[in-house]
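Please look over the sequence and the model before reading on.

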Amino acid sequence: MTIHNVKTNPFAGQRPGTSGLRKKVAEFQQPGYLENFVQAIFNTLTDYAGKTLVVGGDGRFYNRQAIQVILRMAAAHGVGKVLVGQGGILSTPALSCVVRKAGAFGGIVLSASHNPGGPQGDFGIKYNSSNGGPASERITEAIYSNTLALDSYSISDAGPVDLDRRGLVRIERMDVEVIDPVADYAQLMEALFDFDAIRALFKGGFRMCFDGMGAVSGPYARTIIEGMLGAPQGTVINGTPLEDFGGHHPDPNPVNAAELIALMNGANAPDFGAASDGDADRNMIVGRGIAVTPSDSLAIIAANARVAPGYRDGIVGIARSMPTSSAADRVARALGVPCYETPTGWKYFGNLLDAGMVTLCGEESYGTGSDHIREKDGVWAVLFWLNLIAANGKSVDAIVREHWARFGRNYYSRHDYEAVDARAAAALMTGLRATLPALAGKAIGSYSVDFADDFLYTDPVDNSVSAQQGVRIVMTDGSRIVFRLSGTGTEGATIRLYLERYEADPKNHAIPTQEALAELAAIADSVAGLRAHTGREGPTVVT
Ligand code: VG1
Ligand code: CO
């Protein structure tokens with residue numbers, strides 16, 4: 001075995017987005033492309049010699065090849081030990097759990113999350129820090145700068161490690177331990193939730209369907225829900241991680257998880273439905289005939305946190321991404337705890353969690369989590385809901401409606417305009433920003449604008465500033481229109497339009513969501529010129 005210094009040239013565009021570097025598989029397959037990015041990670045870090053790194057991915061196409069490259073490069077850089085999930089598998093939350101438990105200096109996640117997989121699909125890589133969470137913007141920007149200044153990378157020429165066999169092997173002077181990808185995570189879940197109560201629920205005939213969407217949550221859901229909690233076999237569907245996710249677009253929303261939604265709307269619907277995404281950090285909660293919006297799910301978890309043993313003492317605070325509805329803010333107010341508003345992406349929750357300022361975090365994009373790890377966690381959210389149902393014996397529908405009756409309903413929807421010409425999308429945002437100063441105080445239709453700005457976040461822990469995190473137009477009644485560009489796509493630009501309207505009166509809680517938000521959608525178009533800029537009559541995906 002020898003370590004080689006291989007000459008290389010920088011690739012343009014290796015700037016991590018909302019959650020790591022995501023590109024088409026073919027782009028990653030270019031010689032040196034992955035190696036350059038990994039070298040840039042090592043060039044950014046200090047203090048890893050002899051220490052432990054955790055590596056794993058969502059099992060998508062190119063996962064195994066990428067892991068072999070990372071192992072050989074970690075060995076070349078003098079890393080002490082790498083923990084890698086068997087079969088190359090580690091869900092994003094499981095990786096976060098293992099990094100924390102093992103006291104590792106960091107972790108590398110191979111995933112493009114909810115983006116489609118397979119040779120024609122997307123691939124991704126993300127660096128997580130020693131707290132188990134996505135590296136801060138300061139680090140991701142430093143990695144990017146390093147990608148632009150590379151002339152070589154270091155790699156061992158060792159042969160491939162058998163990722164399917166658990167145990168210890170060596171590359172150069174580095175240990176590689178192939179670990180059970182589920183065990184540590186399952187143990188953590190058992191410590192947080194009332195498994196006895198959930199077991200009794202399933203014993204009593206409670207029926208559930210968990211849709212793994214052909215991605216990485218399957219092994220976790222099978223072990224925990226079917227194994228430890230005794231749900232009948234077959235409760236987990238699409239539970240085997242496949243390189244192309246079996247053709248699924250593993251984004252757990254009512255549009256992409258159509259199979260689950262049809263089941264839950266059908267005559268023989270089980271009591272409870274759930275789905276998770278490519279890397280198992282997202283979740284969708286579904287009852288008979290009702291899909292819970294992620295913003296509501298966060299609020300409901302917050303309002304009921306004490307039912308779960310891990311949160312028996314209550315929560316110290318909540319954080320939500322700016323576009324997420326303010327349903328959680330109302331719960332925080334009732335509980336007398338703070339609610340922080342952060343930019344989109346889990347990396348912005350890390351400081352608040354590390355400082356013990358918040359217990360729960362959530363995003364409108366089907367992401368919920370807590371201080372148990374530093375990533376959002378799909379299976380965790382599903383287990384919370386199971387624990388809640390086991391504790392109060394109510395249906396999902398009843399839980400949601402009672403929550404609205406108590407706190408009011410925040411009607412909420414996201415409209416995505418996908419694969420728009422990047423220049424047209426940029427022009428829309430520039431135009432929108434220019435109109436902001438004139439909007440405050442203006443009456444539009446039945447609304448009147450309270451303020452309009454481009455969200456600027458100052459981290460309350462380290463005072464770092466993140467600018468241009470989304471344009472928001474906030475009405476005097478709290479209703480909101482938010483625009484931002486996606487930072488996870490790989491084709492053109494995706495414009496996200498987020499709409500929110502608050503209704504206190506339970507008599508008005510049964511309006512179809514799009515109807516309730518129709519006027520705000522029309523205002524959004526008139527202010528931003530969505531149709532004019534995109535040439536589209538409407539959004540590609542509505543969730
Ligand atoms: C999207 C979501 C964001 C989420 C991110 C990563 O980002 O909107 O809330 O944190 O994906 O989730 P964007 O920039 O495309 O809007 V995952 O499950 O793809 O890691
Ligand atoms: Co994900």
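## Terms and model

Helices (H or I, at least four residues) and strands (E, at least two) are DSSP runs, numbered from the N terminus. The model is predicted: local features need pLDDT of at least 70, side-chain atom pairs count only at pLDDT 80 or more, and totals for chains, interfaces and linings use all residues. Residues are numbered from 1 along each chain as its sequence is written, while chains are lettered from A and ligands numbered from 1 in the order in which they are written.

## Annotated spans

An unreviewed UniProt entry places the annotation "domain: Alpha-D-phosphohexomutase alpha/beta/alpha" on residues 14-152, 184-286 and 295-407. UniProt positions follow the numbering used here, feature names are shortened, and annotations may be inferred rather than shown by experiment.

Residues 295-407 are 44% helix and 14% strand, with end C-alpha atoms 13 Å apart.

## Domains and their contact

The protein chain is divided into domain 1 (3-181), domain 2 (185-407) and domain 3 (409-542); these bounds come from an automatic or database domain assignment. The centres of domain 1 and domain 2, taken over C-alpha atoms, are separated by 28 Å. Their contact involves 32 residues from domain 1 and 31 residues from domain 2, where contact requires C-beta atoms, placed from the backbone, to lie within 7 Å. On the side of domain 1 that touches domain 2, helix H4 (residues 92-102) supplies the largest share, 6 residues.

Conventions:
Contact = placed C-beta atoms within 7 Å.
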